[in-house]
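Subject: Handover of the structure, with notes on what was found

Dear colleague,

I am passing the structure on to you below, and the notes that follow it go through salt bridges, helix packing, backbone angles and a few individual residues.

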Amino acid sequence: MCADGGYTMDRPCPDDHLMIVAKDLTQWETVAYILGLSEAEVEEVDKSYKSDELPLKRIKMLMKWKNKYKENATYHRLITAFSFLERCDMAERVRELSTTPSSEGVHHSSPFAEQLKTWYAYTDPDPDFWPPIDRRKFCKLEIVKLKTAASVNGTIVKKRVPIDLCNIFSSQKELKRKEMIIIEGAPGSGKSTLLWYMCQKWASGEMFQEFGLVIYIKLREYSTAQSPRSVADILPCSSDIKERAWREINEVNGKNVLFLLDGWDELPHNLQNYSIFKDIIKSSPKHSLLHCTVVVTSRYVSSDELHCLATSRLETLGFADQEVKECIMDITGNEEAAHALMEALESRPSLLSSCHLPLNAMIIAYVFQVKMPNLPTTLLETFKLLVLNCIQRHVIKREPDRELEDITSLERLPREIQASFYSLCELAFNSLLEDRMLYTKEELTTIPDTLSLLYGTKLQDETGPRTRYSFLHQTIQELLAAMHMSRMPPDEQLDYFYNFCDQPRFHAMISVLCWSHITST
């Protein structure tokens, strides 16, 4: 057995050191028993994750041990366990860690951290989204890391390497500069859901415990011409602790703080170039966040300028084949309906391939339930049916006895509904022109009825809390914008096409417009 050295190590092992131990831990079940976990506790950890999610089991076991023994979860007990197993390398590693300052900056139990954990554990970030998303069922995504493979005829070739979520961050020894990760993906590929899942895993103590704070920022909520003036303005906490929270972060230069900036593509272009968010990413000395870690999500078309700032690039590819089936089973609710939908999709290959994006799979499954067995043949028709169903639900809510025979197509809506719908399409189009996604109640007064295609979010500004409105999803806004453009004279459509075709934020709208013309001929 390894002999224990003469160090004084009867102090608790901090979370960030336990994360380091977990990476090289083998025989985790045996270690768990030696550390004092019961058979039931070990079995609970084992059943929490699949057999191929071993890194997560190691982390959860060590965190369960620390939560159980608290002040007695010491370096000494870890060294004793590894010495008993004759793992001299691990025992020596723990000794080294015991003499290494913890990377903990802001503490896990700060008032701000406690507010964040409560928010992540009990809140849905998009409670009004339709159809409703159960985010617990949309976290099994394929995540890959982009690596430079070789240079072929002078062209740099990137290869995709699968990566576990718990391994996306580098160790401090590997880093020579601030860590900034870009997570790119197609619309609906699960980027936002992935970040929220990270928040929940941090809040529950299962993952990312090397960070004292994990701060989720939805960039869409700042899609106005005016940028927040300081980091304190964007901290998601109550006003009574906001200044204290910023002071704690500032005093340690952002050490042990993880910022999750969700939706870079949803920020106006001026804020992408000059704003507090760009300063956070670049670690501007002016804002004293030299040591924070940042994760940014974006559609591919808007992230080029961030590549030179990133320490690594990840992609969300959506669902693998098995996850598509599991998702459809979860949404349809029974095996017979799921089987019927999978059979229908087999004859619609374009729809089936689109189901690898979680948002598409969810919407297709929902539309199938509503329109069964008349499932559309294209994704465009599916999204149109979703919008139509939102309008139908809205009408029924207002007029429970109303018949819906005259509300069967977006192109042939009743006159009183059509006026509101066309106004919403114009709003969607003009908002893309103006590079904005949020509206005040006053700005919507000219629209007779929002038809449940917008939802409100309470935000804080200089005058206090106010409600801002946005479309249910950016993809829906782009669909409505394309429908508005399709009603223009052909010459005007061509002018806009030539003006927009090289601007990334218009790509989705133009694609929808072109596809509409193709399918209508």
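A residue is called buried when its relative accessible area is under 20%, exposed when that area is over 50%, and partly exposed in between. Asp89, at 48% relative accessibility, therefore falls in the partly exposed class. Please keep in mind throughout that this is a predicted model.

Salt bridges

Side chains of opposite charge can pair when their charged atoms come close. How many salt bridges does a search of the whole structure find? The search returns 23 of them, and I describe some below.

Asp89 is paired with Arg87 in a salt bridge whose closest N and O atoms are 2.8 Å apart.

A second salt bridge joins Arg160 to Glu315, and here the closest N and O atoms are 2.5 Å apart. Arg160 belongs to strand S2 (residues 155-162) and Glu315 to strand S7, so this pair ties together parts that are 155 residues apart in sequence. Glu315 has a relative accessible area of 3%, which is why Glu315 is classed as buried.

In helix H10 (residues 239-251), Arg244 forms a salt bridge with Glu248, with 3.3 Å between the closest N and O atoms. Because these two residues are four residues apart in that helix, Arg244 and Glu248 are separated by about one helical turn. Arg244 is partly exposed at 40% relative accessibility, and Glu248 is also partly exposed, with a relative accessible area of 22%.

Which residues are linked in a network of salt bridges? The network consists of Glu399, Arg402, Asp406 and Glu416.

Helix packing

Two packed helices are described by the angle between their axes and the distance between the axes. For helix H2 (residues 28-35) and helix H5 (residues 75-84), the axes come within 10 Å and cross at roughly 125°. That angle makes H2 oblique to H5, and the crossing in which H2 passes H5 is right-handed.

Backbone angles

Gln27 is a residue other than glycine with a positive phi, the value being near 50°. Gln27 is located in the loop between helix H1 (15-23) and H2, and with a relative accessible area of 45% it is partly exposed.

Leu451, which is not a glycine either, has a positive phi of about 55°. This residue sits in the loop that runs between helix H18 (415-434) and strand S8 (454-461). Is Leu451 buried or exposed? At 2% relative accessibility, Leu451 counts as buried.

A nonpolar surface patch

Tyr300, Val301 and Leu317 make up a nonpolar patch on the surface, and their accessible area together is about 220 Å². Of these residues, Val301 is placed in the loop between strand S6 (293-298) and strand S7 (312-318), and Val301 counts as partly exposed because its relative accessibility is 36%.

Individual residues in helices

The remaining notes concern residues in helices, each with a C-alpha separation to another residue of the chain.

His17 is part of helix H1 and is buried, with 3% relative accessibility. The C-alpha atoms of His17 and Val94 are separated by 8.3 Å, although these residues are 77 residues apart along the chain.

Lys57 lies in helix H4 (residues 54-69), and its relative accessibility of 7% places Lys57 in the buried class. Between Lys57 and Lys47, which are ten residues apart along the chain, the C-alpha separation is 8.9 Å.

Trp119 is found in helix H7 (residues 111-122) and is partly exposed, at 26% relative accessibility. From Trp119 to Gln200, 81 residues apart along the chain, the C-alpha atoms are separated by 9.0 Å.

How values were computed. Residues are numbered from 1 along each chain as its sequence is written. This is a predicted model: local features need pLDDT of at least 70, side-chain atom pairs count only at pLDDT 80 or more; totals for chains, interfaces and linings use all residues. Side-chain values use heavy atoms; hydrogens and water are left out. Patches are made of residues with over 30% relative accessible area and no salt bridge: like charges are joined within 9 Å, nonpolar side chains (Val, Leu, Ile, Met, Phe, Trp, Tyr) within 5 Å. Accessible areas come from the Shrake-Rupley method with a 1.4 Å probe; for residues, only the protein chains shown count as cover. A salt bridge is a side-chain nitrogen of Lys or Arg within 4 Å of a carboxyl oxygen of Asp or Glu. Buried means under 20% relative accessible area, exposed over 50%, partly exposed in between (1.4 Å probe, protein chains only). Axes are lines fitted to C-alpha atoms, for helices over the stretch in contact, and angles run from 0 to 180 degrees between N-to-C directions. Angles under 35 degrees count as roughly parallel, over 145 as roughly antiparallel, 65 to 115 as roughly perpendicular and the rest as oblique. A crossing is left-handed if the near helix is turned anticlockwise from the far one by less than a right angle, and right-handed if clockwise.
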